[in-house]
Amino acid sequence: MIKAVIFDYGNVISQTQTGDCAEQMEAMTGVPADVFRTVYDRFRFEFDRGTITGAQMYRQLLEADGYHQQAADQQLMEQIARLDMESWRPVRQDVTYWGLSLKASGLKLGILSNMPTEFLASYEDEIELFKAAHYACFSCRVGLIKPEPAIYHDVLKGLDVEPQEAVFFDDVAVNVEAACALGIHGFVWRGLEQGKRDLQQVIAEHGR
């Protein structure tokens, strides 16, 4: 029986990132946009875990690639970090409405996101699905990140459901694979209409 639907935030609830933020960072610093695009793979996890600030993350990135003058400019690093956070703020209203409708239908609504403290400090109270969720698990608050198994256990405990009672949507395949390994019905997010079909199929097979 399906009792809960859990959403990632980035590129699922939020609008899809296009790389425009990296272009703006290049204009601000003179550092190629492609350097900034590597930050997610190289330094983002500790930012999401809550062990470093956004400014520290970008300083580490630029120092590692030899842009020492820019990295030493604390105000510039803070401006870049703020721009990064702002770029993730726009949400998809259609996904928001769907999430709210699932809650209204009686399903538990969960959030499971690798999320830095700085984003929540600025925008948590503005995002409807964050406020509506029965439980929201943010990496910076639990000191864990996807795809670590413990973070999935946290959201399941918060929602008071068993793995097989939950459906999880994330745009990153390795995060979905980790969820499936625990018995959660995980799906790589490929847009709202596909998400609806995926959920309908699971409910048809397992009930609710």
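Residues are numbered from 1 along each chain as its sequence is written, and side-chain values use heavy atoms, without hydrogens or water. Because the model is predicted, local features need pLDDT of at least 70 and side-chain atom pairs count only at pLDDT 80 or more, while totals for chains, interfaces and linings use all residues.

I start with the helices. Helix α8 covers residues 93-104 and helix α14 covers residues 192-206; helices here are DSSP runs of H or I with at least four residues, numbered from the N terminus. Their axes lie 10 Å apart, at an angle of about 20°. Axes are lines fitted to C-alpha atoms over the stretch in contact, and angles run from 0 to 180 degrees between N-to-C directions. So α8 and α14 are roughly parallel, a term for angles under 35 degrees.

Which residues meet? From α8 they are Asp94, Val95, Trp98 and Leu102; from α14, Leu192, Gly195, Lys196 and Leu199. Contact means heavy atoms within 4.5 Å.

Now the lysine. Lys146 sits in the loop between α11 (139-142) and α12 (149-159). Is Lys146 buried or exposed? Its relative accessibility is 2%, so Lys146 counts as buried, meaning under 20% relative accessible area with a 1.4 Å probe, protein chains only.

What does the side chain of Lys146 pair with? Its polar contact with the side chain of Asp170 is 2.6 Å. A polar atom of the Lys146 side chain is also 3.1 Å from the backbone oxygen of Leu112. A polar contact is a pair of N or O atoms within 3.5 Å; within protein, one must be able to donate a hydrogen and the other to accept it, and residues adjacent in sequence count only if both atoms are side-chain atoms.

Methods:
Helices (H or I, at least four residues) and strands (E, at least two) are DSSP runs, numbered from the N terminus. Angles under 35 degrees count as roughly parallel, over 145 as roughly antiparallel, 65 to 115 as roughly perpendicular and the rest as oblique. Buried means under 20% relative accessible area, exposed over 50%, partly exposed in between (1.4 Å probe, protein chains only).
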